[in-house]
Amino acid sequence: MKRLLAIGEALIDFIPEETGKELKNVRGFQPAVGGAPANVCGAFVKLGGEAAMITQLGADPFGDKIADEFAACGIMGDYVKRTAEANTSLAFVALKNDGNREFSFYRKPGADMLLRPEDVKEEWFEDVFALHFCSVSLGDFPMKEAHRKAIQYAVEKGAIISFDPNLRLQLWEDPEKLRQAILEFAPLSHVLKISDEELEFITGCSTIEEALPKLLAGNTRMVIYTKGSQGAECYTAHGKAFAASQKVKAVDTTGAGDGFIGSFLYRLAAAGVTAESLAEVTPEQMESHLKFANKFCGISVTKRGAIASYPTMEEMGE
């Protein structure tokens with residue numbers, strides 16, 4: 001199986017030691033390695049694949065912690081730069097009683113934001129299955145152009161481009177700039193994951209059926225539409241599929257969406273799917289991949305944290 005690459009933020013999530021409280025009232029936190037692209041790599045690796053992260057960390061103890069955890073869980077750190085220009089990004093999280101979250105970010109700027117396009121090397125993209133990215137790092141700072149360079153190299157090498165907008169509105173002073181960044185980069189992706197909570201903000205449409213002509217545009221060949229406890233759908237120009245969610249008691253939803261797309265990409269890689277063959281994936285195959293990703297998420301949300309909560313293939317019972 002070819003390697004997965006992800007580009008963007010790797011940070012420390014400070015997970016609350018108690019639930020059901022607003023962030024301002026939480027008395028204690030435990031640090032955990034996170035950041036959506038890093039989580040996707042973690043899911044891919046937990047299932048037995050190879051993944052590497054393209055990011056930049058601060059020359060500080062939190063950067064050391066992330067580098068150590070990457071090494072411990074098997075995420076390749078060869079493309080991780082370190083800098084003294086800014087600290088490693090931090091995110092403090094509060095968990096509500098239903099498992100949903102409240103965030104406060106310390107990232108003005110974070111070290112990841114300062115990764116430059118010239119730091120991204122063409123040789124990294126040899127024999128790569130896919131490049132995954134999110135919208136957190138598409139603001140007006142050097143990392144946005146590093147994404148553009150990485151996408152260019154990945155496309156030239158025939159890799160799948162995977163994009164999960166993963167909205168974090170509190171990181172943007174102007175929500176319209178976030179929407180425009182997503183609309184700029186979405187057509188560059190072959191696989192686009194979008195949630196029911198994101199659909200109207202991004203597309204202006206209230207239903208996935210209405211939005212699909214806008215989403216299956218440009219290079220996009222597959223749209224994955226996640227609906228939390230209501231299941232997930234997958235669409236190509238030639239077919240569609242649905243799979244119900246696992247019925248579980250959610251303890252912590254941190255990294256759940258990242259685990260979904262990471263495990264879904266793993267299944268595509270295991271099936272030998274390429275950028276050229278994405279549109280030909282059958283509804284039966286899409287349903288199987290959705291069921292696998294839903295099961296992966298169902299297990300992960302019953303534990304705390306992101307990468308630490310992801311199941312192995314053995315724990316999946318596969």
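Strands and helices are DSSP runs numbered from the N terminus (E, at least two residues, for strands; H or I, at least four, for helices), and two strands pair if DSSP finds at least two bridges between them. The model is a predicted one, in which local features need pLDDT of at least 70 and side-chain atom pairs count only at pLDDT 80 or more, while totals for chains, interfaces and linings use all residues. Residues are numbered from 1 along each chain as its sequence is written, and side-chain values use heavy atoms, with hydrogens and water left out.

β4 and β5 are joined in the parallel sense by 4 bridges, and Leu57 stands opposite Arg82 in β5. To get from β4 to β5, the chain goes through helix α2 (residues 61–73), and this β-α-β crossover is right-handed (with the strands pointing away from the viewer, the path from the first strand over the helix to the second runs clockwise). Further along the sheet, β9 (residues 160–164) and β10 (residues 191–195) also pair in the parallel sense, over 2 bridges. There, Phe163 stands opposite Leu192 in β10.

Contact means heavy atoms within 4.5 Å.

Helix α1 (residues 36–46) also packs against helix α7 (residues 256–270), at an angle of about 45 degrees and with the axes 8 Å apart. The two are therefore oblique to each other (under 35 degrees counts as roughly parallel, over 145 as roughly antiparallel, 65 to 115 as roughly perpendicular, and the rest as oblique). The crossing of α1 and α7 is right-handed, the near helix being turned clockwise from the far one by less than a right angle. On the α1 side, the contact is made by Ala36, Asn39, Val40, Ala43 and Phe44, and the α7 residues include Ile261, Leu265 and Tyr266. The residues of this contact split into 8 nonpolar, 4 polar and 1 charged. Ala, Val, Leu, Ile, Met, Phe, Trp, Tyr, Cys and Pro count as nonpolar, Asp, Glu, Lys and Arg as charged, and the others, Gly among them, as polar.

α7 has another partner in helix α8 (residues 283–300), packed at about 140 degrees with axes 8 Å apart. Again the crossing is right-handed, and α7 and α8 are therefore oblique to each other. Among the α7 residues that meet α8 are Phe260, Phe264 and Arg267, while α8 brings in Met286, Phe292 and Phe296, among others. The tally for the contact of α7 with α8 is 10 nonpolar, 6 polar and 1 charged.

A further open sheet has 4 strands in the order β3-β2-β6-β7, with mixed pairing. Its edge strands, β3 (29–34) and β7 (101–106), each pair on one side only. Neighbouring strands in this sheet are turned by 25 degrees against each other on average, direction ignored. Within it, β2 (residues 11–16) and β6 (residues 90–95) run parallel and are joined by 3 bridges, with Ala91 in β6 as the bridge partner of Asp13.

Note on methods. Axes are lines fitted to C-alpha atoms, for helices over the stretch in contact, and angles run from 0 to 180 degrees between N-to-C directions.
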